[in-house]
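Subject: Handover of a structure and what was found in it

Dear colleague,

I am passing this structure on to you, together with some notes for a first reading. Please have it open beside this message as you go through them.

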Amino acid sequence: MEIETQSTTFSLDILALTNEARNTYGLRHQDYSRYRQYCTQKVHRLRKSLNFTHGKGKSFQKKEISNIVVNDARYLRIVLFDTERAWSYAMELKRESRSSGDVRKKHHLIKRLKKAAKCGEQLEKLCSRDSNIVDTRTYFEAQAYSALMSGYFLFEKQSWQAALDRFAAARTIYEKLSKAGSSHQEILCQSAIDDIDPNIRFCAFKLKLGTDSNTGVEDLVKITIGKNKGVGLDLLEAEVESVLAQTRQEKAAALTSISWRGRVVPLKNADLAICILRAREATTNLENASDANAEEATKMELFDLLLEAYGDAEKFTKNAVKEDAEATAKIKSSKSEQVSADLNFVYNYVAYNYLSRRIQRNLMLVSSLRLSLENHEHVEEERLVGGKYQDIVKLYDNVLQSLTEISDLSAVHNDVNLSREIDSKIWYYKAWRTLYVASAYSALNKEWEAILLYERAKEYNAQARASLSQLIPDKDDILVVTSKEIAELENILRGLKCKARAAWHIGLDSNLTKKMGELSFDDKSKADSNIDNRDEPSLSKRLSQYPSSLSMKNVRLIDFPPEFTPIPAKPLFFDIAFNYVDFPSTLSQRAGRKAPTSFGNIFNKLWGTN
């Protein structure tokens, strides 16, 4: 049901009500007139069902809805559809004013939007915390709805800054509420955000905020909240967190078990379930940002929030394991061992995810530094060695440290397949670390040391390939190393080793560069210019002749490049004899038989006539 009555506390799903009414009664086809008529009839039916009509003629008496009157959720719906009626009338007038250019309709639509904003404020007041007649989610939805209607009114009045403040407030509330409800409520909130974003962009354009084309709506909202703390926008996130906490508690009651690597363990601690839910919400936000190709700074913030959530869960589970160990040391029961094993499994699950996400963050920083290193090829190599290469090697050290901590977990020791996966990852990232150490030596012109380190990195990579070939990686794992990645690293190491060896040879022979510059592949090379007998055939053509000179200096073995020599072309035959062949006219003649004689032929033979 859309509305539930809980003693004196009501719940009103404003987004669901308005969305269903708009799509059903006209706005799917942009028919604002039909939707306005529906809102009028809806308000009349609600007032009549509550016996709260104004009356007609001389008995007319206007009845206002206040906190004292509201003892049914239908009173809130009356104010809601009064707001929708005024807003739909304004949108109808806006369309007519654009087509006709009538200034009076423009003035009229502003008055209708003012009416909608006033009704929205009345709804917000009825759903306020002081009235204490609605639940927390309804309070925030009413606040966002009122801010949205006020934003529309200020937008038409061209009060860009005030409109931007109201739109930012509504968007902030809807963004937070999308994380604190069901999947249907999340879709409704995201749809409302999509409708608000164009208005925020237009207001920012008029105010010349975020002139950079890469500035997103989220950045504009942050700028607005930072500049207008007096409006109360800075308190919205803190207030909505209470809704999120309440929703987490409801979801934590439903989270009764954890499934990881084919094992299901019951989860009985509610506080631990809340910590795990926070971590899962942060994981979902990070995955959504990755799918949307968000900026690196945004991803780093989400990574920090994710690591913070998993860090809190890891500390909580660690303390729980410690307390359980102290309790079982004093008193043991038949179920204590199973409870301790389940609690240790949960700790391993949380610690594994925490360390894996930390590795992911370090690898993302490595990718950023590698890109920066490729874009600064002309910078002095010594400065790169002290900066970029050293930073990358340090990040790989952190990755290897995290993998070592993962390998020390009891769940990894008990799982042979998982233990081999971790070993293959350790060898693989050791190879990458050694590669960048070798690159640092190569940048300092220490090519021989670099060659040896590249060879060591190839050995690490070969060990990673051998470990990976003995198992089937878990595709659902957070951090996966595939055989394709190992093959790509092997190709990179082979190329870098060849490059370092060539640089070593060049540095060993100072004249090698000069000699390579003298090489020529012309018809007459520089080496051929020193030959005394240029007209003498090459040695390959006179192997049966005794050499005229016994000196082996500048001997021309073969002609290079080879000279062009003519070769006979394949003759063309034209079959013209076919035109002079006389073929038999009948099949019997073709088969070599005599033609059958007719009656006329017999008569001619008897009488001798032709």
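T317 counts as buried, because its relative accessibility is 0% (buried means under 20% relative accessible area, exposed over 50%, and partly exposed in between, with a 1.4 Å probe and protein chains only). This residue sits in helix α11, which covers residues 296-330; helices here are DSSP runs of H or I with at least four residues, strands are runs of E with at least two, and both are numbered from the N terminus. Once neighbours within four places in sequence are set aside, T317 is in contact with L272, V346, Y347 and V350, where contact means heavy atoms within 4.5 Å.

Before going further, please keep in mind that this is a predicted model, in which local features need pLDDT of at least 70 and side-chain atom pairs count only at pLDDT 80 or more, while totals for chains, interfaces and linings use all residues. Residues are numbered from 1 along each chain as its sequence is written, and side-chain values use heavy atoms, with hydrogens and water left out.

As for the chain as a whole, the protein chain has 20 helices and four strands, and of its 610 residues 39% count as buried. Among contacts between residues at least 6 apart in sequence, 66% join residues that are at least 24 apart.

The largest nonpolar core has 73 residues, of which W87, L123, F167 and Y174 touch the most other members; such a core is a set of buried Ala, Val, Leu, Ile, Met, Phe, Trp, Tyr and Cys residues joined through side-chain atoms within 4.5 Å. Apart from this core lies another one, of 70 residues, with W260, Y352, L369 and A500 among them. To return to W87, its contacts, leaving aside neighbours within four places in sequence, are R22, L27, Y32, Y35, L113, A116, M149 and Y152.

Helix α4 (residues 103-126) and helix α5 (residues 136-156) pack at an angle of about 160 degrees, with their axes 8 Å apart; axes are lines fitted to C-alpha atoms, for helices over the stretch in contact, and angles run from 0 to 180 degrees between N-to-C directions. The angle makes α4 roughly antiparallel to α5, given that angles under 35 degrees count as roughly parallel, over 145 as roughly antiparallel, 65 to 115 as roughly perpendicular and the rest as oblique. The residues of this contact divide into eleven nonpolar, four polar and five charged, where Ala, Val, Leu, Ile, Met, Phe, Trp, Tyr, Cys and Pro count as nonpolar, Asp, Glu, Lys and Arg as charged, and the others, Gly among them, as polar.

Helix α4 also holds H107, which counts as partly exposed because its relative accessibility is 41%. The C-alpha atoms of H107 and K157 are separated by 9.8 Å, although these residues are 50 apart along the chain. In the loop between α5 and α6 (160-177) lies Q158, whose phi is near 65 degrees, a positive value in a residue other than glycine; Q158 is exposed, with a relative accessible area of 55%.

The second pair is α15 (residues 416-443) and α16 (residues 447-469), whose axes come within 8 Å and cross at roughly 165 degrees, so α15 and α16 are roughly antiparallel to each other. By class, their contact has 14 nonpolar, seven polar and five charged residues. The loop between α15 and α16 contains N445, a residue other than glycine with a positive phi near 65 degrees; N445 is exposed, at a relative accessible area of 66%.

Not counting residues up to four places away in sequence, K42 touches R77 and F81.

Finally, a cis peptide bond joins F560 and P561, with omega about -5 degrees, and P561 is placed in the loop between α18 (512-518) and α19 (587-590).

With best wishes
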